[in-house]
Amino acid sequence: MPAQIGVTGLAVMGANLARNFARNGYTVAVHNRSVGKTDALLDAHGDEGDFVRTESLEELVASLETPRRVMIMVKAGKPVDSVIEQLVPLLEAGDIVIDGGNSHYEDTRRREAELAEHDLHFVGVGVSGGEEGALLGPSIMPGGSKQSYEALGPMLEKISAKYDGEPCCTWISTDGAGHFVKMVHNGIEYADMQVIGEAYDLMRSAAGIEPAEQSKIFADWMKTSLSSFLIEISAEVLAQVDAETGKPLVDVIVDSAGQKGTGRWTVVSALQLGSPVSGIAESVFARGLSSQRTQREQAQEILAGHETQVELPENFVEDVRQALFASKLVSYAQGLDMLGSAASEYGWELKLDEIASLWRAGCIIRADLLDEIMKAYADGQKPENLLLAPAFAEAIAEAIPAWRRVIATAVQLGIPVPVFSASLAYYDGLRRKRLPAALIQGQRDLFGAHTYERVDREGTFHTQWSGDKTEIAAVSTH
Ligand code: 6PG
């Protein structure tokens, strides 16, 4: 029987996705550059379903039903191009090449256009959920042509995570939209992880709450609006004791956070789109700062703190929970707003309710909150910003006093809370009647005749700063 899908690249994610297809009743052709990995997969898991063992891409392609579906699961970047180059001559018009890695969406846009010239479909698919998700049901964000989704979508939906029986997979939009949405998911993931880290640091450094006790607090928070995968795993990490030293594991882990790049990509493309994802950006910068170990070591000796000892607010832990909730909400709002900007820029029709809905299970940022977010955009509702949806405006309003108290306390104690504070600054910036941008416009007009608009009438104006300082109507140069 011909295979319904082929997977090339059998490292953990590729192998687990192949197994997921097979466990769901699909015949899966598998290929890896070194046959050893293919055999290791088949030896260990060959009895989980119908696999077709292949030793070359030619064999892989020959084993597939048409239109052929070939999923590339190799490292993002050049390796993807190299596999595509080998595949193209082997394929026929109408076949579908799928990239399930964390590729940059601009690469996906380019590849989609290149393969379209050969009448081939190229589908960039965002897959979230780590190794376990790939095996048991990830959240899946496919881009590419709508037509390709007809042949591919049902299979992806079958292997995806389910929320109340609904697949966490839906066609996102054309070309690189799937990978773009996955990238923004990762940006939110970074911010979500950082705000949890800030909450931990505050409870530890300001209130002296040890990791084991915090683990219980995080477990309790699972019963609140914060309930999410990342809170759940944080409780698990904080409960872990190092076998060697008997210390909390978190105390023996070096405090420098790694990053593979998707968070950074989110911020770079947000800057290009002019999208103010300040909380997400601060979370990427916080990882960067944590990794500057030499500078940090020297700064510990040289830089003064002058912290002020303060009495902690009553119910400090509950304050921290509320500050965490509000900051987290801002990160989601910023990520979704960025999706809106990208939709206009790239001509994608991004449905924010559907995107929120497929993040409800399977992915790293899965959280109870996402069900509420989905509802905020459902039935054609289009709040300009998530925070303006009545349910969220109300929820955040309740958290504000605690949010301000926590940040003020952190500042006095010298505990950095970059995402808590950037998120509050964003929130205040959004709601403030007048921003100092008016002064910036004045400065720009003075040194560069960049012109400004007036609050009281239409048009573009310039003050003749070096002359008699009278105002003239001007042609805008922005
Ligand atoms: C997911 C994750 C995953 C990501 C890792 C590592 O959704 O399953 O986002 O795709 O690559 O979490 O990311 P960093 O190394 O950048 O932290």
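**Exercise 1. Placing Thr409**

In which helix is the place of Thr409? Classify the residue as buried or exposed, and list its contacts beyond neighbours within four places in sequence.

*Solution.* The model is a predicted one.
- Step 1: Thr409 sits in helix H18, which spans residues 390–413.
- Step 2: The relative accessible area of Thr409 is 6%. Buried means under 20%, so Thr409 is buried.
- Step 3: With neighbours within four places set aside, Thr409 is in contact with Val310, Leu312, Pro313 and Phe316.

**Exercise 2. The crossing of H8 and H9**

Describe how helices H8 and H9 cross, and give the classes of the residues in their contact.

*Solution.* Two packed helices are described by the angle between their axes and the distance between the axes.
- Step 1: H8 covers residues 177–205 and H9 covers residues 211–221. Their axes come within 11 Å and cross at roughly 130 degrees.
- Step 2: Angles over 145 degrees count as roughly antiparallel, and 65 to 115 as roughly perpendicular. The crossing angle is roughly 130 degrees, so H8 and H9 are oblique to each other.
- Step 3: The crossing of H8 past H9 is right-handed.
- Step 4: H8 contributes Ile196, Ala199, Tyr200, Met203 and Arg204. They meet Pro211, Gln214, Ile217, Phe218 and Trp221 of H9.
- Step 5: Sorted by class, this contact of H8 with H9 has eight nonpolar residues, one polar and one charged.

**Exercise 3. An aromatic pair**

Classify the ring pair Tyr105 and Trp348. Then place both residues in the chain and name their aromatic cluster.

*Solution.* 
- Step 1: The count of aromatic pairs comes to nine.
- Step 2: The ring centres of Tyr105 and Trp348 are 6.4 Å apart. The cut-off for pairing is within 6.5 Å.
- Step 3: The ring planes of Tyr105 and Trp348 lie at 75 degrees. Over 60 degrees counts as edge-to-face, so the pair is edge-to-face.
- Step 4: Tyr105 is in helix H5 (residues 105–116). Trp348 is in the loop between helix H15 (316–346) and helix H16 (352–358). The pair links distant parts of the chain, 243 residues apart.
- Step 5: Tyr105 is buried, at 1% relative accessible area. Trp348 is buried too, at 4%.
- Step 6: Tyr105, Phe180, Tyr346 and Trp348 form one aromatic cluster.

**Exercise 4. Backbone features**

Locate the cis peptide bond at Pro67.

*Solution.* 
- Step 1: Thr66 and Pro67 are joined by a cis peptide bond, with omega about -10 degrees. Pro67 is in the loop between helix H3 (57–62) and strand E4 (69–72).
- Step 2: His306 is not a glycine, yet its phi is positive, about 45 degrees.
- Step 3: Ala449 has a positive phi near 50 degrees. At 36% relative accessible area, Ala449 is partly exposed.

Technical notes:
Residues are numbered from 1 along each chain as its sequence is written. This is a predicted model: local features need pLDDT of at least 70, side-chain atom pairs count only at pLDDT 80 or more; totals for chains, interfaces and linings use all residues. Side-chain values use heavy atoms; hydrogens and water are left out. Helices (H or I, at least four residues) and strands (E, at least two) are DSSP runs, numbered from the N terminus. Buried means under 20% relative accessible area, exposed over 50%, partly exposed in between (1.4 Å probe, protein chains only). Contact means heavy atoms within 4.5 Å. Axes are lines fitted to C-alpha atoms, for helices over the stretch in contact, and angles run from 0 to 180 degrees between N-to-C directions. Angles under 35 degrees count as roughly parallel, over 145 as roughly antiparallel, 65 to 115 as roughly perpendicular and the rest as oblique. A crossing is left-handed if the near helix is turned anticlockwise from the far one by less than a right angle, and right-handed if clockwise. Ala, Val, Leu, Ile, Met, Phe, Trp, Tyr, Cys and Pro count as nonpolar, Asp, Glu, Lys and Arg as charged, and the others, Gly among them, as polar. Rings of Phe, Tyr and Trp (its six-membered ring) pair if their centres lie within 6.5 Å; planes under 30 degrees apart count as stacked, over 60 as edge-to-face and the rest as tilted.
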